[in-house]
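Hi everyone, thanks for making time for this. I'd like to walk you through one model today, so please have the viewer open and follow along.

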Amino acid sequence: MASDPVLVAVAHGSRRPAAQDDVRTLLAAVRAARPGLAVREAYIELAEPSLPEVLRSEPGAAVVVPLLLGSGYHIAHDVAGVAAAYRDVPCAAALGPDPLLAEALADRLSTAEAGEPSDGPIVLAAAGSSDPRSHADTETMAGMLAMRLGRPVVPAYNCSARPGVRDTVAALRGRRYRRISVVGYLLWPGRFAAEVAACGADVVSGPIGLHPALVRLVLSRYDLARVAAVQSRVA
């Protein structure tokens, strides 16, 4: 029986070695959740190995899974575009929006609030992008999280989009809410997470990081892309 395609997980990459350690920790959990599945790491920039390098080294079937929270330029050009140029390798959708992310974000917020929830809207703090596709994905994710929590959720952005996280928190202060909570819609610690943490809210949840729902989501994206590729070949 033919083995399953290799799961090539593509993260953005960072000059901080700890960022790549976070990716490897997640992928170790993915391997543990599905023994026997070959899983490789790759990066868009600032770290090695690059996606082209990994695809060149994998002569067999592969499925690319972006470790990115939203659609946009990186997905279309740096991930799916590169995958299509190498044996037309199938590429999964971005991780978000998805109910599994809402599960993980709700857990992170519950831990951060420690039984003292905000009395106003929750701010969903994304990194931000100039690409409207990414913006739309964040708005959809805010709606999913609101449904999960039964509380209003307002999307905001750390950079490259408006409204900004700091401005949104300040506006809520102006409406005299007693306690303001921010959910960090980020995968890993780093500069963006530090900037969001300093936004002036009473509570800011940490990045998603290693979470069982994120492990399930990576495998779900892999499975969906693999099945879609098989169906397209037989259609």
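Let's start with a simple one: in which strand does Val-63 lie? It lies in S3, the strand of residues 62-66. Before I go on, please keep in mind that this is a predicted model.

Now, is Val-63 buried or exposed? Its relative accessibility is 1%, and because the cut-off for buried is under 20%, Val-63 counts as buried. Look at what surrounds this residue. Setting aside neighbours within four places in sequence, Val-63 is in contact with Pro-5, Val-6, Leu-7 and Val-8, then with Val-89 and Pro-90, and finally with Tyr-222, Ala-225 and Arg-226.

Next, the nonpolar cores. As general background, nonpolar side chains in soluble globular proteins tend to be buried together. In this model, the largest nonpolar core has 46 residues. The residues with the most contacts inside this core are Leu-7, Leu-67, Leu-95, Leu-101 and Leu-124. Helix H8 gives the largest share of the core, eight residues. There is also a second, separate core of 17 residues, and Val-8, Ile-44, Ile-75 and Ala-94 are included in it.

Let me zoom in on Leu-95. Beyond four places in sequence, Leu-95 contacts Pro-66, Leu-67, Leu-68 and Leu-69, as well as Leu-101 and Leu-187.

Where is Arg-221? You'll find Arg-221 in helix H8, residues 212-234. With a relative accessible area of 9%, this arginine is buried, because anything under 20% falls in that class. Apart from neighbours within four places in sequence, Arg-221 is in contact with Val-65 and with a run of residues: Ala-92, Ala-93, Ala-94, Leu-95, Gly-96, Pro-97 and Asp-98.

The largest pocket has a volume of about 1,100 Å³. Of the 39 residues lining this pocket, His-12, Leu-68, Ala-127, Leu-186 and Phe-192 are the closest to its centre. Which helices give two or more residues to the lining? Those are H1 (17-33), H3 (73-85), H5 (132-149) and H7 (191-197). By type, the lining of the largest pocket divides into 21 nonpolar, 15 polar and three charged residues.

Let's stay with H3 for a moment. Its buried residues are Ile-75, Asp-78, Val-79, Val-82 and Ala-83. Among the elements covering those residues are strand S1 (6-11), H2 and S3. Tyr-73 is also in H3, and this tyrosine is partly exposed, since its relative accessible area of 49% sits between the 20% and 50% cut-offs. Not counting residues up to four places away, Tyr-73 touches Asp-78, Asp-131 and Arg-133. After H3 comes Arg-87, with a positive phi near 60°.

The bond from Glu-48 to Pro-49 is cis, with omega near 5°, and Pro-49 is in the loop between strand S2 (39-43) and helix H2 (51-57). Arg-162 and Pro-163 are also joined by a cis peptide bond, with omega about 10°. Pro-163 is in the loop between strand S5 (153-157) and helix H6 (165-174).

The loop between S2 and H2 also holds Leu-46, a non-glycine residue with a positive phi of about 70°. Leu-46 is partly exposed, at 40% relative accessibility. Ala-114 is another non-glycine residue with a positive phi, near 50°, and its place is in the loop between helix H4 (99-113) and strand S4 (122-126). At 58% relative accessibility, Ala-114 counts as exposed, because the cut-off for that class is over 50%.

That's my tour, so over to you for questions.

Key. Residues are numbered from 1 along each chain as its sequence is written. This is a predicted model: local features need pLDDT of at least 70, side-chain atom pairs count only at pLDDT 80 or more; totals for chains, interfaces and linings use all residues. Side-chain values use heavy atoms; hydrogens and water are left out. Helices (H or I, at least four residues) and strands (E, at least two) are DSSP runs, numbered from the N terminus. Buried means under 20% relative accessible area, exposed over 50%, partly exposed in between (1.4 Å probe, protein chains only). Contact means heavy atoms within 4.5 Å. On a 1 Å grid over the protein atoms alone, a cavity is a set of points where a 1.4 Å probe fits but cannot get out, and a pocket is an open set with protein on both sides within 12 Å along at least five of seven lines; lining residues have an atom within 4 Å of a point. Grid points are joined across faces, edges and corners, and a volume is the space filled by probe spheres set on the points. Ala, Val, Leu, Ile, Met, Phe, Trp, Tyr, Cys and Pro count as nonpolar, Asp, Glu, Lys and Arg as charged, and the others, Gly among them, as polar. A nonpolar core is a set of buried Ala, Val, Leu, Ile, Met, Phe, Trp, Tyr and Cys residues joined through side-chain atoms within 4.5 Å.
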